[in-house]
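Subject: Structure for your review

Dear colleague,

Please find the structure below, together with its sequence. My notes on what was found in it follow.

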Amino acid sequence: MVAVAVLGYGTVGSGVVKVMETNHDSILAKTGVDIQVKYVLDLREFPGDPVQEKLVHDYDVIINDPEVRIVVETMGGLNPAYPFTKRALEAGKSACTSNKELVARHGTELLQIAREHQVSYLFEASCGGGIPIIRPMRTSLCSDELDEITGIVNGTTNYVLTKMMDEGSEFDDVLHEAQEKGYAERNPEADVEGHDACRKLAILSSLAYGKRVDFSDIYTEEISKITSAEVRYAKELGMAIRLLAHSRKEGGNVLALVAPFLVQKTDPLYLVNGVFNAIFVHGTMLGDAMFYGQGAGKEATASAVVADVIEEAQTLGRSVMSEWSPEKQDLQPVAEMRKQFFVRVKGDINERESAERVFGAISVVNADLPGEYGFITPVMSEAEYQECAAKLEGQILGMLRIRE
């Protein structure tokens, strides 16, 4: 029997306990490991819930119990998640988490501590919820050189953008609806401003390219600037607006950004709607592979966490983990990235000579919006776009990058 302690009995923590207890016999039959939840740590009481029998309020009870071999951190945030995880690893207990903020900020250090103490630190559920992506990257794809990652990795923003595309609604109205349905937090800043996607991209890029990618270095844009006008142009173009997390390695250079993109109908990401996520990885031998599924949700995320628990239970006494070098990966300036851009400008569509003089051979887009029109630029770098846009100061209403 392998004793497990779960830190936090919120949405994910309660889901982890439910999965391990409901599927106990199935897990035992398929894997040969008998996993038992011995403790659940939480400051609250849960009268009437069977978890009350396993509830503790003092973390030292868990740390000082030699029977506990695996600690599952589902509290979120950094404090006390970081010190609790660090203490568990230093005490010779494996740990796993769904906490992308913790992994993005302290993952390099925690992985090193785990390695030094011959235990494991796993975090499958930190990127993509229930989608298996980290384990395939470190096992199935370890023989390949990964050089690109592109994904829809935040269910809240994808739900909001999908509803805006379907209904032509404004951002604030759809966000409010998402909050009422529980798809968005009361404070949605981490999601809608791209911070959540940025942390996930940092983790995946660190794994893919072998050096630590600092999430604070990743260029990140929010979706709150998207309006129903951009939606009308996207429909006119037969495209969809999606918040994409993208990184690419060329030689020793890595470029990374999180931003709204226009996605064409021929792109599989066009069909990823609602709270679903999808992650593309490209290998020099494999080519493209896409991982698709529930990017969030209690049961989906909990199932990914429990998969980590099972692997750690099967490999007690040795360190099995995803890892990357503590050496920091310098990122290529986004200004060097080359794309086509969709641009909204003030003015009459029949008086587009000024835009043509600045941007060259543009393709005009008419969405029948009074006092404005849109156009698609030739392929150019971000720096070149900014230089051209400065020459139309006061006329540009918005811009979206177009995914290749």
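I begin with a backbone feature: G92 adopts a positive phi of about 85°, and this glycine comes just after helix α4. Helices here are DSSP runs of H or I with at least four residues, strands are runs of E with at least two, and both are numbered from the N terminus.

Please note that this is a predicted model, in which local features need pLDDT of at least 70 and side-chain atom pairs count only at pLDDT 80 or more, while totals for chains, interfaces and linings use all residues. Residues are numbered from 1 along each chain as its sequence is written, and side-chain values use heavy atoms, with hydrogens and water left out.

Helix α4 spans residues 81–90, and its buried residues are A81, Y82, F84, T85, A88 and L89. Buried means under 20% relative accessible area, exposed means over 50%, and partly exposed is in between (1.4 Å probe, protein chains only). The six lie on the same side of α4, because they cover an arc of only 170° around the axis; the arc is that of the directions from the helix axis to the C-beta atoms. In general, an α-helix has 3.6 residues a turn, so residues three or four places apart point the same way.

The loop between β4 (68–73) and α4 contains P80. The peptide bond that joins N79 to P80 is cis, with omega about 15°.

Other backbone features

Most residues other than glycine have a negative phi, and most peptide bonds are trans. Two non-glycine residues with positive phi are described here.

- Q118 has a phi of about 55° and sits in the loop between α5 (100–116) and β6 (121–122). Its relative accessible area is 40%, so Q118 is partly exposed.
- D368 has a phi near 55° and belongs to the loop between β16 (363–365) and β17 (372–376). With a relative accessible area of 61%, D368 is exposed.

Strand β19 and its partners

Strand β19 (residues 396–402) is mostly covered, with five of its seven residues buried. Strands count as paired if DSSP finds at least two bridges between them. Strand β15 (residues 338–346) pairs with β19 in the antiparallel sense over six bridges, and R344 has G398 of β19 as its bridge partner. Strand β11 (residues 253–264) runs parallel to β19 and is joined to it by two bridges; here F261 has R401 of β19 as its bridge partner.

Cysteines

Zero disulfides were found in a search of the whole structure, a disulfide being a pair of cysteine sulfur atoms within 2.5 Å. For C142, the nearest cysteine sulfur is that of C127, 18 Å away. C142 is exposed, with a relative accessible area of 55%, whereas C388 is buried at 11%.

Pockets

Grid points are joined across faces, edges and corners, and a volume is the space filled by probe spheres set on the points.

The largest pocket has a volume of about 1,100 Å³. It is lined by 35 residues, of which V12, K100, E185, D196 and A296 are the closest to its centre. Elements that give two or more residues to this lining are α1 (11–22), α5, α7 (155–167), α9 (189–192), α10 (195–209) and α12 (298–314). Helix α10 provides the largest share, three residues. By type, the lining of the largest pocket holds nine nonpolar, 18 polar and eight charged residues. Here Ala, Val, Leu, Ile, Met, Phe, Trp, Tyr, Cys and Pro count as nonpolar, Asp, Glu, Lys and Arg as charged, and the others, Gly among them, as polar.

The second largest pocket has a volume of about 270 Å³. Of its 15 lining residues, M137, C142, D144, L207 and A208 are the closest to its centre. Both α6 (134–138) and α10 give two or more residues to this lining, and α10 again has the largest share, three residues. The lining of the second largest pocket divides into eight nonpolar, two polar and five charged residues.

Helix α10 also contains L204, which is buried at 1% relative accessibility.

Yours sincerely

How values were computed: 1 Å grid on protein atoms, 1.4 Å probe; cavity = no way out; pocket = protein on both sides within 12 Å on 5 of 7 lines; lining within 4 Å.
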